[in-house]
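Please read it alongside the coordinates.

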Amino acid sequence: MIRERYLNALTLALFVAIPFWAITADEPFTITLMTRAVVFAIAAVGLNIALGLGGLVSLGHAVFFGLGGYAMGILAYHAQNYTPLTEWPFLIEGTKSMPLIWLVAVIVSSLAALVIGILSLRTAGVYFIMITLAFGQMFFFFAISWAEYGGEDGLSIYVRNGFPGLNTLDPIQFYGLCLGLLCLVLLFAWRLSGSPFGLALNAARQVPVRVETAGLDPVRLKLVAFVVSGAITGLAGALFADLNRFVSPTMFSWQTSGEIMIFIIIGGVGRLFGPVVGALVFVALEHWLGALSDFWHIYLGLLLLVIVLFGKGGLIGMLCGREAVHD
Amino acid sequence: MTDAVLQTSGISKSFGALRASRDISIDLKPGEIHAIIGPNGAGKSTLIGQICGTLRPDSGSVHLLGKDVTHQPTRARARAGLGRTFQISSLAMEDTVLQNVLLGALGASGRPWRFFTNVVKDTSLRETAEEALARVGLIDQARMRTAELSHGQRRQLEVAVALTQKPQALVMDEPMAGMGSEGSKLLTGFLDQLRHEAPILLVEHDMDAVFSLADRISVLVYGEVIATGTVDEIRANAAVKEAYLGDEA
């Protein structure tokens, strides 16, 4: 068994080494693929806070991913057309500044997570899965019918948004930016899991009645986790839109929700690097198997089956065994 | 009656046609152990549920430290000083023993909204937690995973978690259940001391423990308290003998 910490370090090292190799070998597409993996990883680190720590099986995280995407799309669309979003009650203009777009993405997806969470957390188990799925579908169909922002066709943004001091059009610089954010988000998730809140949330997943008897509100703990989770996935959505310079209702689709969850299941539910390993493996499979066959999802399905049936705790669980006891 | 720490006044609860609690008035005074005994299905769990807030009585009221808590949720009663141990261990099995007591201490501190500090390194929480573990004799197991504890140790941990909350009153649902005779003797001695810190409402099937610990006993049959009194009074009570104790007394 490999120590989990070494596996995590190795994973991070891959995220640094592969793009380096790609620059020297002049393989810019590999950098794009790696950026895709990093952005997926951020989305899944977000979901992992709700799913892994809070035990909330959300099949609606595409809502936040999509909201982040559309936050970018709408702001950048208005900026590139020099039209204001609204002139009343006060003037709001579009923007091409990434930090500002991220801020909007995080705020909008947190608010959505708060509302969806308040309604969904009245239920549990299968009903929670279904109600989050239903919210996902609502947003999906809303985006499809929102003709002002492209409807079914989505929105194309011609030039990638800017970040102070960086040339984001250079793939490796944009990649570095995303990787930096992934590291920040991982640091946050790591601190969170060892914090008083993390302890209480972890217990609220396992024995809500105990948490209640200790004088805490398990539903409120889960709600906060859901909001934090949605905010992070929303940030990833904004990055994903910037990576593709395109947003479409697909970001809201239930397949997207499913994929974010698949990353976590492949890597390991509740493990800090589970989403990261899962996203990397997924993107690699998508690229190589996708080149072999249009039906590559069959192989993905087989892999999932094997992991779910034989590997408790995903790939990380298979390689490292059970999670070490926290200190 | 005004000095009762915990008091139910005429609480009743029905599930459909089943009257699980009928007009139950019991109280818990400072420094005492008040045992609730009764055959299976007598409504002991229903009574506990109403006292702790997981069930709402159809009528009647529950007072904790003189305040009406009938309509307050479990967590508010816990914060007001009501500690509880469960019949079936309700512990976070994936977590360590220490983390379980830390949760109790965290609940008592009322400050769970901290996202970046390390809970295990929080000295005040940790002191409370380790003190509670030491008192029940689990300090050497602090870093073990709870799932690896023996059944008896889990019972001890249940008590330790309740202690971290510095309770004003304790409700214990069969703390001896499934314990060996050695373990239940130890726990009996421990509860004997504990009553001076917080009075205990003790639901227990182990009659040796009940008769050696209880200051008062209430006998619950078909949702009704048929007798309340000292150990000797209950032993001598004809109705109790007939309804419940049988050959044991």
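Lys166(B) counts as partly exposed, because 15 C-beta neighbours lie inside 10 Å, and the cut-off for a buried residue is 20 or more. The model is predicted.

- Lys166(B) sits in the loop between α5 (151–164) and β7 (169–173) of chain B. Its phi is positive, about 45°, although Lys166(B) is not a glycine.
- Most residues other than glycine have a negative phi, and most peptide bonds are trans.
- Tyr82(A) also has a positive phi, near 55°, and is a residue other than glycine. Tyr82(A) is found in the loop between α3 (62–81) and β1 of chain A.
- Is Tyr82(A) buried or exposed? Tyr82(A) is exposed, because 8 other C-beta atoms lie within 10 Å, and a residue with 12 or fewer falls in that class.
- In chain A, Trp88(A) and Pro89(A) are joined by a cis peptide bond, with omega at about 5°. Pro89(A) belongs to the loop between β1 (84–86) and β2 (92–93) of chain A.
- Arg56(B) is placed in the loop between α1 (44–52) and β4 (59–64) of chain B. With 13 other C-beta atoms within 10 Å, Arg56(B) is partly exposed.
- Arg56(B) and Ile11(B) are 45 residues apart along the chain, and their C-alpha atoms are separated by 9.5 Å.

**Chain A overall**

- Chain A contains 13 helices and four strands. Its radius of gyration is 20 Å, close to the 20 Å that the globule rule gives for 327 residues, so chain A is as compact as a globular protein of that length.
- Taken along the principal axes, the C-alpha atoms of chain A fill a box of roughly 55 × 50 × 40 Å.
- Of the 327 residues in chain A, 50% are buried.
- Among contacts in chain A with a separation of 6 or more, 75% are between residues 24 or more positions apart.

**Helices of chain A**

- Helix α9 (residues 218–244) of chain A has 27 residues. From its first C-alpha to its last, α9(A) reaches 39 Å, close to the 39 Å expected at 1.5 Å a residue.
- How many of the 27 residues of α9(A) are buried? The count is 22, and α9(A) is thus mostly covered.
- After α9(A) comes Arg245(A), with a positive phi near 50°.
- Helix α2 (residues 28–53) and helix α10 (residues 254–267) of chain A pack at an angle of about 80°, and their axes are 9 Å apart. That angle makes α2(A) roughly perpendicular to α10(A), because angles of 65 to 115 degrees are classed this way.
- On the α2(A) side, Phe40(A), Ala43(A), Ala44(A), Leu47(A), Asn48(A), Leu51(A) and Gly52(A) take part in the contact. Their partners in α10(A) are Ile260(A), Met261(A), Phe263(A) and Ile264(A).
- By class, the residues of this contact of α2(A) with α10(A) are nine nonpolar, two polar and no charged.

**Chain B overall**

- Chain B has nine helices and ten strands.
- What radius of gyration does chain B have? The value is 18 Å, which agrees with the figure near 18 Å for a compact globule of 249 residues.
- The C-alpha trace of chain B spans about 60 × 40 × 35 Å along its principal axes.
- In chain B, 48% of the 249 residues are buried.
- For chain B, residues 24 or more positions apart account for 64% of the contacts with a separation of 6 or more.

**Interface between the chains**

- In the interface, 34 residues of chain B are in contact with 24 residues of chain A.
- Helices α2 (74–79) and α3 (97–109) of chain B each supply at least two residues of the side of chain B that touches chain A. Which element gives the most to that side? α3(B) does, with seven residues.
- The side of chain B that touches chain A is made up of 14 nonpolar, ten polar and ten charged residues.

How values were computed: Residues numbered from 1 in each chain as written. Chains lettered and ligands numbered in written order. Predicted model: local features only at pLDDT ≥ 70, side-chain atom pairs only at ≥ 80, totals over all residues. Contact = placed C-beta atoms within 7 Å. Nonpolar A, V, L, I, M, F, W, Y, C, P; charged D, E, K, R; others polar. Expected span 1.5 Å × (residues − 1). Axes fitted to C-alpha atoms, helices over the stretch in contact; angles between N-to-C directions. Parallel < 35°, antiparallel > 145°, perpendicular 65-115°, else oblique. Rg over C-alpha atoms; globule rule 2.2 N^0.38 Å.
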